[in-house]
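The sequence and coordinates come before the entries.

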Amino acid sequence: MPPSCEERNSFDWEMGGQFKKQEPWEELERSRNIPKPKLFTLKFRHLAIFTLSIPCFAFFFCIIYSFLFHLDQTTKTHCQVWNVAPSISSSIGILAPQKYVWKICIALHSAPRLLLCKMYHTHMQKVLKKVAFVQRLVLFTCTLNVAEVFSLLLLSVVPSVEDYSLHTFCFGLFLFFSSIYLAFSFYLFSCCRTSPSSLLDRQSLYYKRVLLMTNLFSILVAMYCYWRHNTYCEPGMYSIFSVFEYTVVLSNMAYHFTSYYDFYHVQFVFSLPEIVKLIESD
């Protein structure tokens, strides 16, 4: 209980008038409720566009630059047959400046991707069924998402020309984590949702379905073409593999971009002293 006016006046008098008259308790409470100064607001949909543009720029830069200036080096294989499309591994990890652009862009986009992993974990816990099986699957799915980010980082750091076996292993991990995450997240949002879905949610789910089927189909075709190239050394087969490899990566990027619709109304408010606060607007 706050002290009475008589007690506060007596306290001031006993201290020899060294303290000025205290503010009323009501004014102190009002001062605590004054809105903190807002620095700026960042809408998540703008962050989603920025996060997608970084690896997308790196991907097209490395492929186009390799095609224009390093075609022979990036299409050469042990079969010594004709190819026209450079593979992703040879485009991003062998020659400069492609390998530096790719590593920098992947490192820059990793922090927003990890933030997105946390946001999806919270979002799934909120909108999906509150049963033990679903919540455990949510945790497992988001863990796969984090593992995908780190496998992509490791894949980018270890080029195929330096350690081919480790690079191939990391690429396999990336395909495994990403494809399983895509499948499980689509299942959760399509079959385990409890809250009503909005138009944006339905649009996001439609894109997820199309991109998931595209990604899985491209992985199977790319694996088949890679096997045929190594087995029969057919001219152009490695280029077909490379094209479907492009499709795998681009469909993966596009699937993660569906967060644009999942968090369309979410925005980050940067203010002092909280620094950042996540809110959802209409």
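The entries below go from the overall fold to the backbone, the cysteines and the aromatic rings.

**Entry 1: ground rules.** I am working from a predicted model, in which local features need pLDDT of at least 70, side-chain atom pairs count only at pLDDT 80 or more, and totals for chains, interfaces and linings use all residues. Residues are numbered from 1 along each chain as its sequence is written, and side-chain values use heavy atoms, with hydrogens and water left out.

**Entry 2: overall fold.** I looked up the secondary structure and found eleven helices and three strands in the protein chain, where helices (H or I, at least four residues) and strands (E, at least two) are DSSP runs numbered from the N terminus. Along the sequence the pattern reads α-α-β-α-α-α-α-α-α-α-α-α-β-β. Of the 282 residues, 41% count as buried; here buried means under 20% relative accessible area, exposed over 50%, and partly exposed in between, with a 1.4 Å probe and protein chains only. The accessible surface of the chain comes to about 16200 Å², with 68% of it belonging to carbon and sulfur atoms, as computed by the Shrake-Rupley method with a 1.4 Å probe. For contacts (heavy atoms within 4.5 Å) between residues at least 6 apart in sequence, I noted that 72% join residues at least 24 apart.

**Entry 3: backbone.** I checked omega and noted that the peptide bond from Ala96 to Pro97 is cis, with omega near 5°; Pro97 lies in the loop between helix H5 (88-93) and helix H6 (98-127). I then looked at phi, which is positive at about 55° in Gln80, although Gln80 is not a glycine. Gln80 sits in the loop between helix H4 (71-75) and H5, and at 58% relative accessibility Gln80 counts as exposed. Cys233 also has a positive phi, near 55°, and is placed in the loop between helix H9 (199-232) and helix H10 (237-257).

**Entry 4: cysteines.** How many disulfides does a search of the whole structure find? The search finds one, taking a disulfide as a pair of cysteine sulfur atoms within 2.5 Å, and this one joins Cys79 to Cys233 with an S to S distance of 2.1 Å. Cys79 lies in the loop between H4 and H5 and Cys233 in the loop between H9 and H10, so the pair ties together parts that are 154 residues apart in sequence. The torsion about the S-S bond is about -60°, so the disulfide is left-handed. Cys79 is buried at 12% relative accessible area, whereas Cys233 is partly exposed at 26%. I also looked up Cys62, whose sulfur is 7.7 Å from the closest cysteine sulfur, in Cys105, too far for a bond; Cys62 is buried at 0%.

**Entry 5: rings.** The whole structure holds 21 aromatic pairs, meaning rings of Phe, Tyr and Trp (its six-membered ring) with centres within 6.5 Å, where planes under 30 degrees apart count as stacked, over 60 as edge-to-face and the rest as tilted. The rings of Tyr206 and Tyr207 have centres 5.7 Å apart and planes at 55°, so this pair is tilted. Phe257 and Tyr260 are stacked, at 5.4 Å centre to centre and 25° between the planes. Ring pairs link Tyr206, Tyr207, Phe257, Tyr260, Tyr261 and Tyr264 into a cluster, and Arg45 lies over the face of Tyr264, at 4.1 Å from the ring centre; the criterion is NZ of Lys or CZ of Arg within 6 Å of the ring centre and within 35 degrees of the ring normal.
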